[in-house]
Amino acid sequence: MSLQNLAYIYALTALLLWSLASQVYTQYSRKISAVWVTGFKTYIGFFAFLLVVFYTTGFADIPAKSLGYFLISGFIGLGMADIFLIKSFSLMGPGRTMMIFAFQPLLVGVFSYFLFDQHLDAKKFISIIFFIICIFIFALEGYKKSGKWHLAPFLFALAGMALDGSGIIITRLGFESSTIDSTQANLYRFTGGMIAFLLLARFIKFNLVGNFKTLSKKGKVLMLVSGFFGTFISLWFYLKAIQIGHLASLTGIAITGVVFAALFECIFFKKL
């Protein structure tokens with residue numbers, strides 16, 4: 001099996017786990033807040049990768065330049081991007097949010113062409129037209145229901161997509177500058193995400209432990225399991241894919257996330 005095909009399998013597995021976990025994230029971002037959900041799963045990811053690195057691979061030497069890339073990508077992609085993304089989940093559902101997210105390959109493709117000399121299919125620019133059409137259809141649907149143009153959910157999804165795409169590019173820069181494995185890279189990325197939330201905590205009190213205690217036993221289990229599989233396992237697979245695969249092609253698989261998210265949304269929230 002070629003490395004590119006292996007990267008596709010890693011990315012597809014990551015998307016499946018993330019799409020499933022996003023249903024739980026949506027439910028509790030509505031009950032508590034998007035900031036709390038994002039912070040909770042970031043803490044789970046950080047401590048899970050810390051334990052894995054400590055007890056298995058150990059800490060390999062890493063150039064300061066690569067460490068900086070991973071920290072910045074985590075700060076942007078795991079801290080800032082996920083807050084906007086999960087907020088969009090709570091406002092218009094995972095399925096529609098992931099439909100906006102499916103246009104990320106255009107952003108990543110352009111930057112990977114200039115930064116990594118990876119081929120960019122000119123036909124992908126046609127996606128800009130479909131992207132604009134999608135935004136208009138969703139906005140028109142909301143206008144017909146309430147008589148108002150509800151742009152906030154789309155702006156949150158757009159911000160999440162752009163920041164997450166930037167995080168992917170910066171992560172690849174980190175891999176280009178070092179030879180560390182994806183497990184240790186994930187740890188450094190989650191460290192960047194933790195830094196983002198430590199700074200945010202100075203302005204917004206999201207009461208991580210207190211809000212968790214208010215959940216029912218079922219809610220606690222759902223959040224812990226979703227954090228483990230939808231954050232720790234999912235991102236382990238996804239970073240493995242980013243490390244060895246073609247970036248624009250990998251993010252192109254994001255369209256399957258639309259199908260997964262929409263399917264699971266129908267199952268969990270009885271929406272069609």
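Helices here are DSSP runs of H or I with at least four residues, numbered from the N terminus. Keep that in mind as we walk through this predicted model, in which local features need pLDDT of at least 70, side-chain atom pairs count only at pLDDT 80 or more, and totals for chains, interfaces and linings use all residues. Residues are numbered from 1 along each chain as its sequence is written, and side-chain values use heavy atoms, with hydrogens and water left out.

Let's start at helix 2, which covers residues 34-57. Its 24 residues reach 33 Å from first C-alpha to last, close to the 34 Å expected at 1.5 Å a residue (the expected span is 1.5 Å times one less than the number of residues). Gly-58 follows helix 2 and has a positive phi, near 75°.

Now turn to helix 8 (residues 182-200) and helix 10 (residues 217-244), which pack at about 115° with their axes 9 Å apart. Axes are lines fitted to C-alpha atoms, for helices over the stretch in contact, and angles run from 0 to 180 degrees between N-to-C directions. Which residues of helix 8 meet helix 10? They are Ser-182, Thr-183, Ala-185, Asn-186, Arg-189 and Phe-190, and their partners in helix 10 include Trp-236 and Lys-240 (contact means heavy atoms within 4.5 Å).

Helix 8 also takes part in the lining of the second largest pocket, where helix 2, helix 3 (64-92) and helix 8 each supply at least two residues. Helix 3 gives the most, with six. Among the lining residues are Ala-34, Phe-75, Lys-87 and Phe-197. A pocket is an open set of points on a 1 Å grid over the protein atoms alone, where a 1.4 Å probe fits, with protein on both sides within 12 Å along at least five of seven lines; lining residues have an atom within 4 Å of a point.
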